Amino acid sequence: MSSVDLLEQEPELYQPREPIHPKSIKGRFRRFKTTIMMLAYAIFFLLPWLRWARPVGPDQAVLFDIPGRRFYIFDLVIHPQDIFLLGGFLILAAWLLFFVTGLVGRAFCGYFCFQTLWTDLFMKVEYWVQGDRNKRLKLGRQPWNLEKIGKKGLTLLIWTAIAFWTGFTFTAYWADTPQLFVSFFTMHAVSAAYITTGILTATTLVAAGFAREQICIYMCPYARFQAVMFDKETLLVSYDAQRGEGSSGRKPLQKGLMALEERHAAGTGDCIDCNLCVQVCPTGIDIRDGLQLACISCGLCIDACDEIMTKRGWPDGLIRYASELEIETGTKPSLLKFRTIGYGVGTLLVSALMIYGVLSIKPADFSVRQVRQPLFVLMSDGSIQNNYELKINNKEQTPLDLKLEVEGVKNAEVSISGGFKDLHIPADGTRNYHVHVRVPGSSGVSRQVIIFKLIDEQGKFPPIQQETSFNYK
Amino acid sequence: MSQTPENKKGQVETTGHVWDGDLREYNNPLPRWWLWAFYGTIIFAVVYWILYPSWPYADTYTKGLETVSFTVQDKDGKTSTVTEHWNSRALFNKDMESSPSALAQKEWLAKVKDMSFAQIAANPDTLNFATSMGHALFGDSCAACHGSGGQGVLSQNPDGSYPNLTDNNWIHGDSYEKIVSDITNGIHGSMPAFGALYKGDKLTDLAEYVLSLSHQPGVNEEAANRGKSSFATCAGCHGANGMGNQMIGAPNLTDAVWDFVDVPGAKNIDAKVKLVEGVIDHGLQHQMPKFGERLSPEQIRLLAVYVRQLGGS
C-alpha cells in the first residue's frame, strides 16, 4: 500500500489514557474511607452466608429467589404482589442521594460508590505488590523483564481472585449460598450462576483494574447530574485559592520563602506547590484548578495537604471541605437552606411511605374469577347457579384459617367443591377453590354485583373482599 | 475516518490504485471492532452448520452433530430411548418428559394414583390438581361436544343437543364409578320413536301431560289429563311418575332441566308442545364414543373428578 501527503491533519478523537498511580497517604479521610470499605465489604461478602430460621422457606437471611418468586430479607418476605416496594426503595435512594449531594456534594462518589471502593482495593493490591507511586511509575517505564512480568502478573492474579469472589458473592444472593458454593466448584451449578459470576468477574476486573477513573469521567451518569444539585452553599473539596495563591501566586519553598511570615511579606501564597495533592488523587486531577467534573470528593488531597501543613507547623485547611460561598466570603453558610430542607423533607416522606408500605403489606390476597363457560346454569329445581374460581394467596409465614362469606345476592346458597367449610391456606402458600353460588329462580335474580369476603377466624386482620358479578339472562 | 499510527505525519493511506495519473483512492478500512464482529459471525455460522441441521442437499439435509434423546412407550408399555438429530419436535418430547413442570405433574400423578376418589376430594390440593388436569383432558377429548366448560348444547333440534354437565341433573348417575364407566365404555342412549303409536290429538295430549309434569305454565290441564293414560307406555323407562331412571339413562321429566330439546327457550306453550311432540314422534338416538382406548384409566379417573364437581356435586 502506498500513501499520499495530506496537508490538513485530522485531530485525534481519543486522548490516550495516562495510567494514574496515586501515592498512598494517611489521614482522617483515608481512615474514613478505609472504615467504610471494611464495613461495606463485611456486609457484602458475608451477608449471603448468614443463616436465618424461618417457619417456611429457605434459611438464608438475604435471598432473592427468582424461580420461587420471593425476596427474603431477614423477617421480611416480599411477594411479587408487593414488588412496588422496590420502586419505593429506588425512589428513596434517589432522594437520599439528592439530599446528601445538596448538603455535602459528591459524598456518595468519594466514599460509598462501589466503583470507588473496588478501585481503592485494587490500588491497595498494586501498592502491596509493586510498591508506592514512584516504584510503580518506575515499573511502568521498565522494559518487560522478569520482575515486571512477575509483579504485574501477581497483581493481575490477585485482582482476578478478588473480582471472581465479588462475582460469586453477587451470585450467592440469588441462590442458597452453601449449596451454590459446592455445586459451583463441582461444576454442577446452573448455567446462569456461571454466566452471572463470569460477567461480574470480567466487569469488576475491567472497571476497577483498568478503566478506573474513566468510568467516573466518561460513563457515570451521576457524575453529570450531581453537579446540577450543587449550589454556592454546597460543601465541596475546595482549594482556598486566596490563601494558597496570595497576591503573587504559589511558590515552592526556597530561600527567603521558608516561613509563613516571609511568604506573606513577599505576597506569596501558602501553597508550596509540592504537588502532593495531585499525586494522591485517584482521578489524577489538580484540585487547585477548582471544581471539576472528575473530582469524586474523596478528600485524599485534604489529607495530603494537611500532612504538609502540619509538618511545616502551618495551619491546616488549605484544601478543605468548604462551600464556594465560604471560599469567596469567608463566612460559613447555614446548612438549613431551602434545597436541603426540601430534599430532607422529600427523603423523610418517602421513608415514611416505605415504612407504611412494609407495615401494611396485606397478609393475604385473593382473586375471584367467574366461570364464563357457561355464565349461569339452570338447576333441576329451577334455581340458578353461577360458578367462581377462588385463588387465595397466603403471604404470611403462618397458616391461615379463613371463612368465605358472600354478599350482594339474596338467598344465595354457597358451596365449595369438595364440601370444604374452612379454608385452610398453608403458610406462604396458595390454594384454589371452586365455588358454586345458587339462587332460587323465583327470587327475581338478575345480573348484579356479588361480593366475596374472606374472614380470618383468628381475627388477625380485617376481612378482605373482592367484587365480581352474578349473571342471569 | 480511521487513521493508522504510521500515517500520523500528514499521510493518508491509499489503496495504491491510480487513475488519470493522479486520482487516488483513500484506504479507509472498516472499524476494527466491526470487522472482528463480522469474523465472529462467520465462525458462529460454521459452528452452527456443524452442530445443527442446516444445509439442504438432494432430497434431505445435513443433520448436524447435536442430538436429542427422549423416551417413548410402545403399546405394550415397553419403554425405549430414541435419539434424534436436533429438532424442535424432539426437544418438545424431551420437555414433556423431563421439564420441571412435567416432573411436577408426574409427582402429583403418583400422589393421586393410589388415592380413592373420596381421598382426592377431601384435600384441596389434590382436588385442585385433579380438576385442573381433568379440565385439560376435558378440553382435548370432551369439549368438542360438551363445550369448553361442560355447558353442552341445548338446541331445538334433539340431534344437535349434547347434555349439559354443569347442572345437577345426572341422566346416568353421579357416582364416580358410574362416570368412570360411562367415559370408558361410552354411552348409547336411545328412546324409541312412538310416532306410529301416537298421532294427532293423542300425541298432543301426551306432550301436554309430559309438560305438566314439570309444571310448565300454560299447560292445557284437560289435554294433559287426557294424555295421562298414554304415559303408561313411557313409564316403563321414565317411571310411573316421570322421575326417570338413571340405570337406563331415562331422564327425569319432572325437573326444570331439559337435556335434549330447548323447552325452557321456547317462546310459548305451543312451541313447547311442538318440541315434545317431535321427541315422542321421532325418538332419540344419542351416542357418546368410548374413551377407554384413548385415555388411560388414570386420566379417566381425573376426568371423572373434574366432571363430577362441575355441577357442584
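Reader: What percentage of the 473 residues of chain A count as buried?

Author: First, a word on the source: this is a predicted model, in which local features need pLDDT of at least 70, side-chain atom pairs count only at pLDDT 80 or more, and totals for chains, interfaces and linings use all residues. Residues are numbered from 1 along each chain as its sequence is written, while chains are lettered from A and ligands numbered from 1 in the order in which they are written. A residue is buried if 20 or more other C-beta atoms lie within 10 Å of its own, exposed if 12 or fewer, and partly exposed in between, with C-beta atoms placed from the backbone. By that rule, 27% of the 473 residues of chain A are buried. For chain B, the buried share is 26% of 313 residues.

Reader: How many helices and strands are there in chain A?

Author: Helices (H or I, at least four residues) and strands (E, at least two) are DSSP runs, numbered from the N terminus. Chain A has 16 helices and 15 strands. Its radius of gyration is 33 Å, well over the 23 Å that the globule rule gives for 473 residues, so chain A is more spread out than a compact globule. The radius is taken over C-alpha atoms, and the globule rule is 2.2 Å times the number of residues to the power 0.38. Along the principal axes, the C-alpha atoms of chain A fill a box of roughly 115 × 60 × 55 Å.

Reader: What radius of gyration does chain B have?

Author: Chain B has 36 Å, whereas a compact globule of 313 residues would have a value near 20 Å. The box filled by the C-alpha atoms of chain B is roughly 120 × 55 × 45 Å along the principal axes. This chain contains 12 helices and eight strands.

Reader: How many residues does the contact take from domain 2 and from domain 3 of chain B?

Author: Two residues are in contact if their C-beta atoms, placed from the backbone, lie within 7 Å. Here five residues come from domain 2 of chain B and five residues from domain 3 of chain B. Among contacts between residues at least 6 apart in sequence, 69% in chain A join residues at least 24 apart; for chain B the figure is 53%.

Reader: In what order do the three strands of the open sheet in chain A stand?

Author: Two strands pair if DSSP finds at least two bridges between them. The order is E2-E3-E4 of chain A, with antiparallel pairing. Strand E2 (62–65) and E4 of chain A stand at the edges with a single partner strand each, so one side of each is left without a neighbour in the sheet. Four bridges join E2(A) to E3(A), and Phe64(A) stands opposite Phe71(A) in E3(A).

Reader: What is the order of the open sheet of four strands in chain A?

Author: The order is E12-E10-E14-E15 of chain A, again antiparallel. Strand E12 (422–425) and strand E15 (464–470) of chain A form the edges, each with a single partner strand, so one side of each has no neighbour in the sheet. Strand E10 (residues 400–407) of chain A is joined to E12(A) by four bridges. In E12(A), His424(A) is the bridge partner of Asp401(A).

Reader: Which backbone angles deserve attention?

Author: Most residues other than glycine have a negative phi, and most peptide bonds are trans. Phe74(A), which is not a glycine, has a positive phi of about 50°. Phe74(A) lies in the loop between strand E3 (70–73) and strand E4 (76–78) of chain A, and is exposed, with 10 other C-beta atoms within 10 Å. His215(B) has a positive phi near 55°; His215(B) lies in the loop between helix H8 (200–213) and helix H9 (221–227) of chain B.

Reader: Where does the cis peptide bond occur?

Author: The cis bond joins Gln373(A) and Pro374(A), with omega about 0°. Pro374(A) lies in the loop between strand E7 (364–370) and strand E8 (377–378) of chain A.
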